[in-house]
Amino acid sequence: MEEADRYRCRHIYLKQSDNPDLQAEAACEALASLDGILLVAPHSNHSVHVIYALDQLSFEIVVDLLTELEFQMDNSFLISLRNTIYGFLEDNARDHMQIDEPQELPE
């Protein structure tokens with residue numbers, strides 16, 4: 001298995017807001033210092049491109065952190081379905097690679 005298989009590239013879609021403190025740039029600043037984040041960059045005002053290590057973070061943990069920081073996620077049907085698929089794929093990848101699921105945010 002290649003080292004690159006341990007990383008996941010995802011887009012996180014935020015609910016549209018006119019408040020710059022709740023847009024992608026601010027979300028990137030909040031995520032940038034987390035252990036396990038390789039890259040975080042705004043894709044648009046309301047979406048974030050993130051690459052993280054699967055053994056340190058999960059999509060669910062990243063979204064939960066943003067929610068705790070009062071960012072609102074886009075909960076449209078297709079985005080919610082895509083997010084569910086992300087979780088399923090990550091669980092399968094962890095099982096295949098024999099990696100335990102991270103239970104909380106790394107320090």
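Biologist: Arg10, Glu90, Asp91 and Arg94 are linked in a network of salt bridges. What makes a contact count as a salt bridge here?

Modeller: A side-chain nitrogen of Lys or Arg has to lie within 4 Å of a carboxyl oxygen of Asp or Glu. Before we go on: this is a predicted model, where local features need pLDDT of at least 70 and side-chain atom pairs count only at pLDDT 80 or more, while totals for chains, interfaces and linings use all residues. Residues are numbered from 1 along each chain as its sequence is written, and side-chain values use heavy atoms, leaving out hydrogens and water.

Biologist: Okay, how many salt bridges turn up in the whole structure?

Modeller: The search finds 3. Take Glu90 and Arg10: N to O is 3.7 Å, and the limit is 4 Å, so the pair qualifies.

Biologist: What does the pair Glu90 and Arg10 tie together?

Modeller: Glu90 sits in helix 3 (residues 77-97) and Arg10 in strand 1 (residues 7-13), so the bridge links parts 80 residues apart in sequence. Helices (H or I, at least four residues) and strands (E, at least two) are DSSP runs, numbered from the N terminus.

Biologist: And how do you know whether Glu90 and Arg10 are buried or exposed?

Modeller: We compare relative accessible areas with cut-offs: buried is under 20%, exposed is over 50%, and partly exposed is in between (1.4 Å probe, protein chains only). Glu90 has 2%, so it is buried. Arg10 has 9%, so it is buried too.

Biologist: What about the bridges to Arg94?

Modeller: Glu90 reaches Arg94 with the closest N and O atoms 3.6 Å apart. Both lie in helix 3, 4 residues apart, about one turn of the helix. Asp91 also bridges to Arg94, and there the closest N and O atoms are 3.9 Å apart. Asp91 and Arg94 are 3 residues apart in helix 3, again about one helical turn.

Biologist: Why are Arg94 and Asp91 put in separate accessibility classes?

Modeller: Arg94 comes out at 2%, so it counts as buried. Asp91 has 36%, so it counts as partly exposed.

Biologist: Now the cysteines. How many disulfides does the whole structure have?

Modeller: The search finds 0 disulfides. A disulfide is a covalent bond between the sulfur atoms of two cysteines. The test here is a pair of cysteine sulfur atoms within 2.5 Å.

Biologist: Let's do the strands. What makes two strands "paired"?

Modeller: DSSP has to find at least two bridges between them. Strand 1 and strand 3 have 7 bridges, in the antiparallel sense, so they pass. Strand 2 (residues 37-44) and strand 3 have 6 bridges, also antiparallel, so they pass as well.

Biologist: Which residues stand opposite Ser47 and His49 in strand 3?

Modeller: Tyr13 stands opposite Ser47, and Ala41 stands opposite His49. A hairpin joins strand 2 to strand 3 through 2 residues.

Biologist: How do you know whether strand 3 is mostly covered or uncovered?

Modeller: In strand 3 (residues 47-53), 5 of the 7 residues are buried, and that makes it mostly covered.

Biologist: Zooming out, in what order do the elements run from the N terminus?

Modeller: The order is β-α-β-β-α-α, with 3 helices and 3 strands in total.

Biologist: How do you know how compact the protein is?

Modeller: Its radius of gyration is 14 Å, close to the 13 Å that the globule rule gives for 107 residues, so it is as compact as a globular protein of that length. The radius is taken over C-alpha atoms, and the rule is 2.2 Å times the number of residues to the power 0.38. The C-alpha trace spans about 45 × 30 × 20 Å along its principal axes.

Biologist: And what share of the 107 residues counts as buried?

Modeller: The share is 38%.
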